[in-house]
Every structure is written in C-alpha cells, then in structure tokens.
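Here is a short briefing to read alongside the model. Please keep the viewer open as you go through the points.

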Amino acid sequence: MRTRMLVLGCLAAALAATGLVGGTAARADEEAKAPPDPTRGQWDSFLDPLRDFEDNYVTAGQKKIEDLTKIHVAAGFTEAYTWDFNKPRSGSLIALHSLEHHNDGVPVLGQLDMSRPNDGWWIHGFDLKIDSGKVARDIKADWNGNGAVKHGDTFETNDFDVQQAYLQWAMPDDGPSLLKGLSVKGGKFVTLLGAEVIEPWSNFNYSRSYLFSFAIPFSHTGALVSYPLTDKISVTGGAVEGWDKVQSNNQGWTGIGNITYAVNDMLALSECGIWGPEQTGKTGNKRGVSDFVATIKPTSALTLLLNYDYGKEDGAALNGDAAFWQGFAAVANYNFTDRLSAAVRGEWFEDHGGSRTGTMQTLYEGTVTGKYLITQHLYGQLEYRHDESDKGDVFPKDSPGTVNSSTGPIPITKFTDGQDILGFAVTYVFN
C-alpha cells in the first residue's frame, strides 16, 4: 500500500506535466466577476504601470492557460528578514519556532501550484504543489521511511519539497443525486488540522503559532473521502501513513477525519481528529489529537479565529509515561481600509510530558502584524512577537566568547525565559 501511495503522488506529477488529468474542486468564484482593484486611483498611482503589467500579463496569462488546458496555475513568493533580539546564530531556526529563521537572507518560500478538476467519469483531477526555499526544508516529510527526517535521504536535506501531489475524483453532475458532492483523493496532501497553513499569504500573521508548530502535523500520504451531508455540514475521513510521512516507519496506519459546519455567513466550525501509531518500529503506542477551529466574522472588516488542540501519545513523555499537550490560540484581524490591515494573536501551549518541545513547560506568545497591500498581488508586512516560557532558561541567548573542547572552540551560550522578535516580509502571490 505504501508503494501505491508513492505511485499516486508521482503519477499526479507526471500527469500534471502532460495536462491529461484534472484536480481540486472547481473554485467557487471561478465564474464570478473580478472585484475592482483597491490599489488603483490612490496616492501611489505611479505604480499603475506595474498594475497594468499584472493585469495584462500575469492575470491574463493565468486565464489563458486555464482556458486552454483547464489547469489552474497559482504561484507565490515570500522574502522576509527576522531578527531575534536574543541574537542566536545567524540563519538558525528561532527557538521553538517551526519556520522562522534569525538574521537570514535566504528566500523563505517560492511556490508553484497546478491543479485541474476531474472531467466526467474517467479523467481524474490532480493537484501538484512544489515548494522551494527555507520553508521547503523545514516542512520535510520522512520520504524514505527510516523514521527520521534529514537522515539518510538526500531529498530530505535540500530546499525543495513536493508539498502536495495527489489525484482526485469527484462525482460528475450526471451521477446519482444522492452522491452529489462526493470526492476521493489519494497521494500526498497537507493536513486537515489547524487554523494556520504553510503558505504565509494564507495566514493573518507572518509567524506561525505554537499549535501549528507542535500540536499538529504538516502533511500526510494516504487517501481521503469527502461528502456533504447537507448544504452546511460536510465530512472527510480516511487513512494515512501518519504524521509527515511518505512511507511509514512502523507498518501502521493512522485514521484522520473532519467535520465542518458552516452555521451562517458569520460563523463556521470545524472539528478534526487524528489517531494512530507514530513511533518508529512500534504500533502499540498511539498518538491522537483533537483539533477545534471556529471562524467568526462579526463585521465585514473583522475576522476572529479561535483554535484549541488537545493531544496524547502513549509512552512519549520524557519520563516514559503517556505525554499530553494542549493549547489555545486566538487571532483577530481587522481591515482598516481595503489596503491596510492588522492582526493580533495571543496563545498558550502546555507540553505536559515534554514530548513536543523537548521540555516540560507552558509557553505563551503575543504577536502583532501589520499588512499593507501595494498592488493586488504584492504586499508588505511588519511584525513584532514576544515568546515566554514558565520553565525559565529555554531560549538561547548568545554571548561573546568561547570555551575550548576536544573538538575545538565552542561558543558560550546563555539562556533566558523569553525572546523578542521583529520581522519584515514582502510577498508576491497570484492564485
């Protein structure tokens, strides 16, 4: 079965190149008229030639490809500079962050996404999402099934990743009315869990929460079935190789499921669950997470995101007992104008057994992010974040000097109970 899942992912990539298959469900706004450009007719009209180029070549080229091939092409690029005032080693991953690096000029993420809906009964859809940059390295799955990432596999150590590669089939319009909306996909895909995603342009804040980094996985390899129970309630379920795995390292399967309830235009609720063996060579010990997300839109300008996670894993605590973790994050995003917005996030995360962060601790963070739309596709962000741990000295704070050892000089490192981070990001995206 592992081999079949790998073949599905590779087949999706190969068929994407030939344009013989179709992909994700049709976009809801596919036929809708494009909204007016909010960045035109304002103080920076000198940028209108850039906006004309986007309209006449980028957007028009995207539409031409889709009209000819039915393949929807999307792309994004983010470059960011993040400074941790604790001054860790330049280029290093900031302590207890999953994707943000200190004082590093390497491109964060470049992405190409190609998708096509299935056509009738026999031509399947596909989605192929390719990443490059530091983020691509940080989200790597275990591709060779040895139970570790970045060990024994050259592909796991480079700045390139196939984030998604799957085939998808949806019930055609002329199918049984009872099965309308049914879809099946198989291959490699991002997780159903969480309020945040890998792409920075799809989140309100630039940096990711502790819940994204430690409570849930990034991706899976397997198969999912989705079905709308009503026009407001839909369910998804299936079996996957586990957390961030292309091949299983224990011959076990993990179950994953989701139920989403679109209550009304102001409120949407989602409950996800995942449960299965995740430890190398063991199928008896299980890991499970329950993930709840509420999206609330009380006004057209204000959006609230509430996310709670609870997880448990047998025999994973630092003392050998069962490990528990839980956390809650709340995000408020407000659009002051069509171009200017700000997002505030507050969060706590408890790692009772130390299995997720390596230390038994409770973490807190507060983040403020400002965003300004330069053109329809180009925007800039400015972010300040503070992290805190009740454990004490868990965040590295480098100091001058070295100490000699048998392997040579080693930098002296101090530790502190918190860190302050300032970040700047520029993103160009069309989707």
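Between which two strands does the loop holding T375 lie? T375 sits in the loop that links β14 (361-373) to β15 (378-389); strands are DSSP runs of E with at least two residues, helices are runs of H or I with at least four, and both are numbered from the N terminus. This is a predicted model, where local features need pLDDT of at least 70, side-chain atom pairs count only at pLDDT 80 or more, and totals for chains, interfaces and linings use all residues. Residues are numbered from 1 along each chain as its sequence is written, and side-chain values use heavy atoms, with hydrogens and water left out.

- T375 is buried, at a relative accessible area of 0% (buried means under 20%, with a 1.4 Å probe and protein chains only).
- Beyond its neighbours within four places in sequence, T375 is in contact with T39, L50, R51 and E54 (contact means heavy atoms within 4.5 Å).
- G252 is found in the loop between β7 (233-240) and β8 (254-264), and it is buried too, with a relative accessible area of 7%.
- Setting aside neighbours within four places in sequence, G252 is in contact with E241, P277 and T283.
- A268 is 16 residues from G252 along the chain, and their C-alpha atoms are separated by 33 Å.

**Nonpolar cores**
- The largest nonpolar core has 23 residues, and L193, Y210, V289, F349 and F395 have the most contacts inside it (such a core is a set of buried Ala, Val, Leu, Ile, Met, Phe, Trp, Tyr and Cys residues joined through side-chain atoms within 4.5 Å).
- At least two residues of this core come from each of α4 (210-215), β9 (267-277) and β12 (323-335).
- α4 gives the largest share of this core, four residues.
- Another core, of 15 residues, lies apart from it and includes A80, I198, F212 and V429.

Methods:
Buried < 20%, exposed > 50% of the residue type's maximum accessible area, 1.4 Å probe, protein only.
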